[in-house]
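Please have your viewer ready.

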Amino acid sequence: MSSDRHASPQQPYGTAYEQMLEKVRYEGAYPTRERADEAVRLVLAGLGRQLTGDERVDLARCLPLEAARVLTAQIPDTQPLTGWAFVKDLAARAGASQATTRWDTGSVLSAVAAYAGPDLITRILKQLPTGYALLFGRAELMQAA
């Protein structure tokens, strides 16, 4: 009885999340869906620790339900990390190399950018410290002093 209650409302979200995993798997050239899922969960949890405010809420609305839950389950850090520190932090949490984690981060955030669209990604990049644009697949443009 309770499984029926959970199965029907989650079915569309499950399909959307599966599609997200396939996109990440393809973009990241991961051998399995499980490996893509690990990357998605690691990176979205990390991003959830960095984003606050409207950008966090708006991004969660754009993502499949399962991905949004991973993002919003995190309490934002009081001291945001630069893009490079973000990758180093994720590598330490995953027990992986920084090169592998950088690859994972780019693969996941390029998929996130596709869901969010350019306007929301621009707002997110304005909120975050330097170094995230490349992780989202954009050039890091510096303002002239």
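What follows goes from the overall make-up to the details.

A word on conventions: this is a predicted model, in which local features need pLDDT of at least 70, side-chain atom pairs count only at pLDDT 80 or more, and totals for chains, interfaces and linings use all residues. Residues are numbered from 1 along each chain as its sequence is written, and side-chain values use heavy atoms, with hydrogens and water left out.

The chain holds seven helices and zero strands, so defined that helices (H or I, at least four residues) and strands (E, at least two) are DSSP runs, numbered from the N terminus. Read from that terminus, the order of elements is α-α-α-α-α-α-α. The chain has 145 residues, and 39% of them count as buried; here buried means under 20% relative accessible area, exposed over 50%, and partly exposed in between, with a 1.4 Å probe and protein chains only. Its accessible surface comes to about 8,100 Å², with 55% belonging to carbon and sulfur atoms. Those areas come from the Shrake-Rupley method with a 1.4 Å probe, and for residues only the protein chains shown count as cover. Of the contacts (heavy atoms within 4.5 Å) between residues at least 6 apart in sequence, 65% join residues at least 24 apart.

Now find helix 2, residues 33-48. Its 16 residues should span 22 Å at 1.5 Å a residue, and its end C-alpha atoms are 22 Å apart, which agrees. The expected span is 1.5 Å times one less than the number of residues. Among the buried residues of helix 2 are Val-40, Val-43, Gly-46 and Leu-47.

Three of these names return when you turn to Phe-86 in helix 5 (residues 83-94). Leaving aside neighbours within four places in sequence, Phe-86 is in contact with Val-43, Gly-46, Leu-47, Gln-50, Leu-81, Thr-105, Tyr-132 and Leu-135. Phe-86 counts as buried because its relative accessibility is 1%.

Next comes Thr-105, in helix 6 (residues 98-116). Thr-105 has 0% relative accessibility and therefore counts as buried. With neighbours within four places again set aside, Thr-105 is in contact with Val-43, Phe-86, Val-87, Leu-90 and Leu-135.

Finally, look at helix 4 (residues 65-72), where Ala-67, Ala-68, Val-70 and Leu-71 are buried. Viewed down the axis of helix 4, these buried residues fall within an arc of 160 degrees, so they line one face of the helix. The arc is that of the directions from the helix axis to the C-beta atoms.
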